[in-house]
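Subject: Structure handover

Hello,

Here is the structure you asked to take over, with my notes on it below. Please read the notes with the model open beside them.

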Amino acid sequence: MEDKEEENAAVLALYPRAHELPARAPPAHETNFTHYFALDVGGKEFHDQYLYRHGNGLCVVGLAPSHLALRSPSKIKIVDYDVGKKSRADMKASGRRKKDAQVLEENSSLCKVSSEDAEFLVRCCIRGQLLEVNERLTSDPSLLSRKVPSQGYIAILMPKPEAWKKAEKSLLTREQYKQQRMQQE
Amino acid sequence: MEALFREALLALPPAPLRDLLRAGACSLCAMRFLSVRGRVYSQSVPAPPTILAEIGNGDGLESDRSSASCCTVCQGILQSAGVGLAVLEAIQKEGHEFCDFSLEVTVPSATLVRERSLWCYLRKEHPEDFKAEDPNECIVSLKEAVKWTFGPQIEAALGKVMDKNSNFHISLVFKHANSSSEIQFLSDLSGGDSKRKRGPVEAGESIAAVQRSLASISSDAFARHYPCPPPQSDTPCELVSSCRKDAIFVVGRYLKYSRSISQSPWTIQEDRIGDGSVQEIIGDVIFPHFKADSYKFHAAGREDIDVRMLGSGRPFLLEILNARTCSKQEELLKLEHAINSNKDGWVKVKGLKEAGNEVWTVMRQGEADKQKEYTAVVWLSRPVTEADFTTLSNSKELEIQQKTPVRVLHRRSPLVRPRIIHWMRCEALHDSSCYFLLHLCTQAGTYVKEFVHGDLGRTYPNVGSLLDCDAEILCLDVTNVKMDFL
């Protein structure tokens with residue numbers, strides 16, 4: 001019995017003390033991803049999107065906090081992945097090599113976000129294979145505004161290295177984004 | 001003439017023996033064709049002319065090849081001199097320590113053809129005595145004869161016993177320059193439908209391929225394309241001997257105290273990630289001790305570079321290839337101590353010992369069934385309460401659905417994997433309002449980090465959803481890998 005207690009005390013000693021802990025733990029979507037931003041996507045003013053790039057090259061796409069849809073008073077009602085010929089939600093990528101994953105272009109549309117009085121088109125911002133869309137948005141569109149940087153993501157894309165190099169040129173870093181958009185605050 | 005041989009000689013039918021010797025077979029090959037087995041091969045056996053003188057030369061000599069220098073079947077293999085010494089030299093060059101040995105023999109593919117040829121001749125001359133089409137059913141194989149002939153000689157030279165179960169293998173490879181051209185007619189005959197093998201023994205067909213070709217040819221067809229009895233051979237075979245030891249397994253459990261060490265060396269485009277690897281820290285101490293060619297590191301699962309491995313440790317095994325030295329348990333204990341005394345203290349090892357081939361089954365056992373225990377430092381977006389602790393600890397056998405985490409999605413199938421969190425236990429952390437220690441036990445293959453932070457909501461339920469707030473994981477440790485391990 002005593003051995004177990006000693007073991008427990010030893011284990012606890014391995015863990016940080018309160019004063020060693022940061023006041024706010026950095027969120028996983030900040031530590032594991034580099035944040036980039038695209039302003040005025042599709043030429044439409046304030047259609048701002050984020051693109052979080054993981055160390056492994058995958059890109060998570062979503063609405064940036066400064067997006068018009070998130071700043072208007074009317075709530076987001078619908079997120080629809082059906083953008084014409086096919087619904088993006090119908091795609092099936094299978095296997096390690098992501099067979100049958102659709103390749104989308106930088107300006108391909110991902111989904112339509114509708115509020116009471118307006119409609120917004122969300123675009124890829126990078127050329128790559130579509131791996132996943134966030135179907136939770138179909139049943140709970142409020143996630144888009146409630147959980148902007150994490151659970152409100154729109155889709156996950158897998159670009160090739162060359163595609164990334166090209167897209168990176170027109171994307172903003174977080175610092176640049178803050179400068180450009182925070183001026184409006 | 002030695003007694004054992006004389007005894008064997010008397011038992012043999014004289015007419016076939018005479019024909020074999022006059023066709024150019026050496027004494028030992030003649031014995032092979034007449035199904036003689038055993039110790040007599042290693043004795044000093046007289047040359048064909050002597051035997052013929054003994055049993056009578058017979059008449060009707062078209063050609064008598066009995067005084068040729070080289071056997072037409074084995075092409076001098078069974079007459080090789082100094083085999084024991086050649087093997088001794090090969091071993092001394094490598095510097096192997098061993099207790100017993102087994103022999104592996106390779107002969108040129110042309111030997112099979114020559115055997116078939118001599119057999120066809122024998123059947124023609126003595127159809128009542130030799131009925132089978134395939135000589136391999138009746139004659140003693142050349143490889144076996146080599147082991148009988150040279151086994152005792154090698155045992156004497158090395159001072160060790162020959163045992164087919166030995167972990168030390170001595171290889172005798174006999175080569176002949178003309179072998180591939182001699183068997184060329186076979187692939188021409190079968191229309192070249194035999195697959196070209198990559199890197200075969202002698203830039204031609206392998207023994208197995210030749211065997212298959214011969215099995216499919218009738219004796220008549222064979223006799224039309226290849227002389228029966230086989231033609232004389234002027235050059236004897238050459239012997240190349242080598243040796244190797246079976247893999248040795250050193251097993252144990254490791255603990256990892258550093259959050260910047262990966263399990264195996266990790267390089268991204270020529271840059272090393274992390275401060276080192278468990279594999280190198282353990283391997284660098286153990287490997288030099290065995291004077292081996294190389295080693296491979298295997299572990300029962302792995303943890304991320306920033307995750308510590310505590311508790312009883314994770315089972316691992318070091319596969320050491322072609323070790324020159326044998327090890328003793330006391331030496332392994334010293335190696336264990338050496339690893340544990342490393343000034344960095346990043347990796348410790350327990351229970352280091354040698355194991356046999358059973359390690360593979362033990363490592364694989366119930367990989368999917370095993371449960372793992374972890375401790376995580378969790379942060380909540382609002383102060384932690386007792387109610388939170390109760391909620392989590394009341395959760396037993398909780399089933400969660402995990403989409404392939406984004407961090408591995410580039411190299412794994414996009415699937416949803418159901419997993420079970422068997423139990424959870426919380427511990428307050430040193431006067432911190434938003435942090436606590438989460439101890440949990442999960443099914444093998446659960447991504448624990450994703451269970452805490454939710455992975456953009458793709459792992460559900462997650463700690464945040466269970467406590468109705470945002471949760472993040474600051475750090476993670478593996479505290480138990482349950483496995484009965486040697």
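E135(A) forms a salt bridge with K403(B), with 3.7 Å between the closest N and O atoms; a salt bridge here is a side-chain nitrogen of Lys or Arg within 4 Å of a carboxyl oxygen of Asp or Glu. E135(A) sits in the loop between strand 8 and helix 4 (136-139) of chain A, while K403(B) belongs to strand 12 (residues 398-403) of chain B, so the pair joins two chains. Helices (H or I, at least four residues) and strands (E, at least two) are DSSP runs, numbered from the N terminus. E135(A) is partly exposed, at 43% relative accessibility, whereas K403(B) is buried at 19%. For these words, buried is under 20% relative accessible area, exposed is over 50%, and partly exposed is in between (1.4 Å probe, protein chains only).

This is a predicted model, in which local features need pLDDT of at least 70, side-chain atom pairs count only at pLDDT 80 or more, and totals for chains, interfaces and linings use all residues. Residues are numbered from 1 along each chain as its sequence is written, chains are lettered from A and ligands numbered from 1 in the order in which they are written, and side-chain values use heavy atoms, with hydrogens and water left out.

The salt bridges

K403(B) also meets the side chain of E132(A) in a salt bridge, at 4.0 Å from N to O. Within chain B, the side chains of R458(B) and D455(B) form a salt bridge at 2.7 Å, N to O. Both of those residues are buried: R458(B) has a relative accessible area of 4% and D455(B) one of 5%. Salt bridges with shared partners join E132(A), E135(A), K403(B), D455(B) and R458(B) into one network.

Another pair in chain B is R32(B) and E115(B), whose side chains meet at 2.7 Å, N to O, in a salt bridge. This one links distant parts of the chain, since R32(B) is in helix 3 (residues 27-33) and E115(B) in helix 6 of chain B, 83 residues apart. R32(B) and E115(B) are both buried. Over all chains, the search of the whole structure finds 30 salt bridges.

The interface

Between chain A and chain B there are 4 salt bridges. The rule also finds 16 residue pairs in polar contact across this interface, both residues being at pLDDT 80 or more. A polar contact is a pair of N or O atoms within 3.5 Å; within protein, one must be able to donate a hydrogen and the other to accept it, and residues adjacent in sequence count only if both atoms are side-chain atoms. On the side of chain A that touches chain B, helix 2 (28-31), strand 8 (128-133) and strand 9 (155-158) of chain A each supply at least two residues. By class, that side of chain A has 21 nonpolar, 7 polar and 8 charged residues. Ala, Val, Leu, Ile, Met, Phe, Trp, Tyr, Cys and Pro count as nonpolar, Asp, Glu, Lys and Arg as charged, and the others, Gly among them, as polar.

In total, 36 residues of chain A are in contact (heavy atoms within 4.5 Å) with 30 residues of chain B. The area buried between the chains is about 2900 Å², with 63% of it from carbon and sulfur atoms; this is the accessible area (1.4 Å probe) that two parts lose on being put together, summed over both.

Two helices

In helix 6 (residues 161-168) of chain A, the residues A163(A), W164(A) and A167(A) are buried. Seen down the axis, the buried residues of helix 6 of chain A fall within an arc of 100°, so they line one face of the helix. The arc is that of the directions from the helix axis to the C-beta atoms. These buried residues pack against strand 1 (33-38), strand 2 (49-54) and strand 3 (59-63) of chain A. The face turned away from the buried side carries the exposed residues P161(A), E162(A), K165(A) and K166(A).

S213(B) is in helix 10 (residues 207-216) of chain B and is buried, with a relative accessible area of 13%. The buried residues of helix 10 of chain B pack against helix 6 (110-125), helix 9 (184-189) and helix 11 (219-225) of chain B.

Regards
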